[in-house]
Amino acid sequence: MKFGIRKPNIKKSIKARTTGKIKRKMKKASNPLYGKKEMGFIKNPKKAMYNKIYNKTSINAFDVYKKSNSLFYTVFIATPIFIIMLGLKFIYYCYKYLMLGIIWGVKKIKTILTKHDENNNNEE
């Protein structure tokens, strides 16, 4: 379970904002219970409880700016935390793709060497 500030996810944010009214109206027309309160709990109680606790114990990184009217808080607390989180995410992805690249390179070299050994064995 996450406590504190959640990492922003741009893809999910865009997806949530671009789901249109037409799609929601179609769902509501086909399912009379769509969009009603507490339907998530009836459908999947475990997921509903998890989401309720998750949303109460964590906050969105962008909401830190919205909830604070204090310039001191925004400048000295929220902004550094946000910058640090983005920096850590950047470093994480750099190392992740660096390691994937190294693994891919090692596999490629291994296949080349095995093909080279097979060709030498066939020539003899």
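What follows is a short chat about a predicted model.

Reader: What kind of model is this, and which pLDDT limits apply?
Author: It is predicted: local features need pLDDT of at least 70, side-chain atom pairs count only at pLDDT 80 or more, and totals for chains, interfaces and linings use all residues. Residues are numbered from 1 along each chain as its sequence is written, and side-chain values use heavy atoms, with hydrogens and water left out.

Reader: What volume does the second largest pocket have?
Author: About 230 Å³. A pocket is an open set of points on a 1 Å grid over the protein atoms alone, where a 1.4 Å probe fits, with protein on both sides within 12 Å along at least five of seven lines. The volume is the space filled by probe spheres set on the points.

Reader: Which residues line the second largest pocket?
Author: Glu38, Met39, Gly40, Phe41, Lys47, Ala48 and Asn51. Lining residues have an atom within 4 Å of a point. Helix H3 (39–43) and helix H4 (45–57) each give two or more residues to that lining. Helices are DSSP runs (H or I, at least four residues), numbered from the N terminus.

Reader: Where does Glu38 lie?
Author: In the loop between helix H2 (21–30) and H3. Its phi is positive, about 65°, although Glu38 is not a glycine. Most residues other than glycine have a negative phi.

Reader: Is Glu38 buried or exposed?
Author: Exposed, at 56% relative accessibility. The cut-offs, with a 1.4 Å probe and protein chains only, are under 20% for buried, over 50% for exposed, and partly exposed in between.

Reader: New topic. How many aromatic pairs are there?
Author: Three. Rings of Phe, Tyr and Trp (its six-membered ring) pair if their centres lie within 6.5 Å; planes under 30 degrees apart count as stacked, over 60 as edge-to-face and the rest as tilted. Tyr50 and Tyr54 are stacked, 6.0 Å centre to centre with 15° between the planes.

Reader: Why are Tyr50 and Tyr54 separated by about one helical turn?
Author: Because they are four residues apart in helix H4. Tyr50 is partly exposed at 41%, and so is Tyr54 at 22%.

Reader: What about Tyr92 and Tyr93?
Author: They pair edge-to-face, 5.0 Å centre to centre, with 70° between the planes. Tyr92, Tyr93 and Tyr97 form one aromatic cluster.

Reader: Last one. Why does helix H1 lie largely in the open?
Author: Because the number buried is zero among the nine residues of H1 (residues 10–18).
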